[in-house]
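Subject: Structure handover and notes

Hello,

Here is the structure you will be working with. Please open it first and keep it beside you while you read the notes that follow.

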Amino acid sequence: MSLAKARKGLKTEKKGGKVSPEQKILNQFLEAPKDKHKKKDKKFKFTQFDPEHADAAYNITVEFMEIANKNPENAIEKVIEYAKKASETSDPELVRHALMMFVTHHPSARNKNLRIPPLIKRSPGATVPKKKNISLAPGPLVSTHSTEKIKETEDNPELYMNWYREDPNLNEHHEHWHIVYGSNGVPDVKDPKIRVHKDRHGELFVYMHRQMLARYDIERLGLGLSLIKPLDDYFAPIDEGYHPNENLVDAEDEDDPYSTFGSRKPGSKNRDYGKKDGPFTLKAMDANRKKVEEAVNCGKFYNGAEIDIDTLGAVLESYGKGDLIKYYGSLHAGGHLTIGHIIDDPGVMAQTRVAARDPVFWRWHRHIDNLVKTWEEKREPNDFSNSSPVKLQDVIFVFKDKLPIHHGETQDEEAAAFGEKTFGGKNFCTDVSKNDIVTNELETKMKTRVWTHISDSGSTEEIDYLFPREFYYYFRVENTSASEFIATFRVFLVPEELAESRVHWIELDKFKECLPANSKTVVCRDCDMSSIVRQPPQKTDDELDDTALPIDTTPVDNNNDRFCDCGWPFHLLLPRGRKGGMKYKLLVFISDWSEDEVPTISRCGSISFCGAEGAADKYPDKKPMGYPLDRPFKNNSYKETFAGLNNAIIRDVCINWVDEFPEIVVEDSC
């Protein structure tokens, strides 16, 4: 099914999506008003990074699933009823987190198309943007800025990245990923007392966060800022401060003295969290870090087991309850907890839904990722000698607004037919780079939408956000074998300046395509369908601030056409580039689907970042995540690594940050 057809049955509430009775009571609980759920312990702050808090939330999720299994006819009503009671004795935010875990994983919610309300609706105070007070790029500031603001920017260049870090949808992606991949696993939906560990969770923890880091570094490079400096010294002062918008709130209880997030002054020192003899003292974390470094340097864990990426990722995230976790501690969580509690009023680093707003989030994760990279760099490069029987000729880009097609349910078929006629057949070997409809330069622009303080005065602030000019890829590829070949297309992008750094290649797409025997095929691919993007893509202001709902709320069992809300925001698919253009390298690599295939796949949002839909399902690709960039380059050269391969192509592409371009999806569309 094409995305356009699938989207036809999904609309925001404003545009005709239906709020079912079950969705309504779910929304009412998760969008709790200020005067409900008064906290008994004003100093308790739920954080998913605290193992005890995570355990408590997991146990409530188990209870929710048991209740749903015992009451199949009215499961959601019974679960919400119990959630209200649990909130009287447990922290309301903890209960809400458990409920979101339930909605994400249990079939009684999934089969009724229940969706977690967007962050901006269930916790509007947690999405307040950083107040705009500087220009969007380094350089001469406009005359409306005061001398004080100019000095502030010069002293703190991190302010130039506010537009990116403070993006509500980026932060919601990070929160939702940690719900889909809870640090304690997922209860088995049939027998909730059984804990299910999602396939390759540890590896995906590394890969998803590495992709976030790469994209952040690329945006910094585009602005002329230095790359992320890892936070390697746990005892040294932290150069960057972070002062959130004073309206950014952490609790619905207006009587809570800690209802706002705390600020961290530049030069603040980290401090211990929790018990004096616990795993989150700086001394214990430093000792655990040294244990991890020893392991990655020798390639084995303390018990003699060979390191693999999935186990190493689990150890660093502190995923699971095994002896390895006990020995190596909870390094990733420890950073969030200690930095997030530098002062008594917890900062944003303690919450998944806002942590990425803080510059130190990226520094901490660069430190964690470098531990993995140290191990990876000791491995041998990939061996591509047994490559697929295909020959990639080129990759062609065409902006959607330039295609002579109808933008609706049939657009993919029309775009494919146009591609075959224009770039295939007798034109297959023709140089089309000079064709007026072809572009070698992708485009982005900055847009602005209005954010409203829903929970109080109704006053507004503006959100600056990136948006790409939509495009189709056309891959011209030849199947040189006498048999049908099913190909896995893997598409990556990197700034030319970072091309030798494999951890900075960002994934743009991954998909399969059938190539007939002895054929020359033009493969058409919509940028909407990206393997990393949340589905359906959120494009309009209305979609960015709401969740798509079904037009038909009739429950459907095992409906593989529905989507879920995990994945990267579409508007951040492409890096911004630079005014006048920024040079990138695009890699397309084809592997053999018969070797990559996982037997059962039901797409749930981003297949690359979120895996398969079911908790017990296999990750939908047998290859290592990030393949073919998961191992060191041959002789530290990306060119040498892929030289002479018919199944790979590297081409130049420019991304130009422009002021305006035509858009396919407009705000008043249906």
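Helix α3 (residues 51–70) and helix α4 (residues 75–89) pack at an angle of about 145 degrees, and their axes are 8 Å apart. Helices here are DSSP runs of H or I with at least four residues, strands are runs of E with at least two, and both are numbered from the N terminus. An axis is a line fitted to C-alpha atoms, for helices over the stretch in contact, and angles run from 0 to 180 degrees between N-to-C directions. The crossing of α3 and α4 is right-handed; a crossing is given that name if the near helix is turned clockwise from the far one by less than a right angle, and left-handed if anticlockwise. On the α3 side the contact is made by E63, F64, I67 and A68, and on the α4 side by A75, K78, V79, Y82 and A83 (contact means heavy atoms within 4.5 Å). By class, seven of these residues are nonpolar, none is polar and two are charged. In that scheme Ala, Val, Leu, Ile, Met, Phe, Trp, Tyr, Cys and Pro are nonpolar, Asp, Glu, Lys and Arg are charged, and the others, Gly among them, are polar.

Before going on, note that this is a predicted model, in which local features need pLDDT of at least 70 and side-chain atom pairs count only at pLDDT 80 or more, while totals for chains, interfaces and linings use all residues. Residues are numbered from 1 along each chain as its sequence is written, and side-chain values use heavy atoms, with hydrogens and water left out.

The chain as a whole has 21 helices and 13 strands. Of its 670 residues, 61% count as buried. Buried means under 20% relative accessible area, exposed means over 50%, and partly exposed lies in between (1.4 Å probe, protein chains only). Among contacts between residues at least 6 apart in sequence, 79% join residues at least 24 apart.

Next, a sheet. Strands of a sheet pair through backbone hydrogen bonds, either parallel or antiparallel. Here three strands form an open sheet in the order β4-β7-β10, with antiparallel pairing (two strands pair if DSSP finds at least two bridges between them). Strands β4 (390–399) and β10 (520–526) are the edges, each pairing on one side only. From one strand to the next, the twist averages 20 degrees. Strand β7 (residues 471–479) pairs with β10 over seven bridges, and Y474 stands opposite C524 in β10. Helix α17 (residues 411–423) lies across β4, β7 and β10 and runs at about 55 degrees to β7.

Now the cysteines. How many disulfides does a search of the whole structure find? The search gives one, where a disulfide is a pair of cysteine sulfur atoms within 2.5 Å. It joins C566 to C610, with an S to S distance of 2.0 Å. The link of C566 and C610 is left-handed, with -85 degrees about the S-S bond. C566 and C610 are both buried. By contrast, C429 is exposed at a relative accessible area of 57%, and C514 is partly exposed at 34%.

Most residues other than glycine have a negative phi, and most peptide bonds are trans. Q535 and P536 are joined by a cis peptide bond with omega of about -10 degrees; P536 is in the loop between β10 and α18 (541–544). Another cis peptide bond joins Y627 and P628, with omega of about 10 degrees, and P628 sits in the loop between α20 and α21 (638–642). N518 is not a glycine, yet has a positive phi of about 50 degrees. N518 is in the loop between β9 (506–515) and β10, and is exposed at 56% relative accessibility. N635 has a positive phi near 55 degrees. N635 belongs to the loop between α20 and α21 and is exposed at 59% relative accessibility.

Last, is H97 buried or exposed? At 9% relative accessibility, H97 is buried. H97 is in helix α5 (residues 92–105) and touches F46, Q48, A57 and I179, leaving aside residues up to four places away in sequence.

Regards
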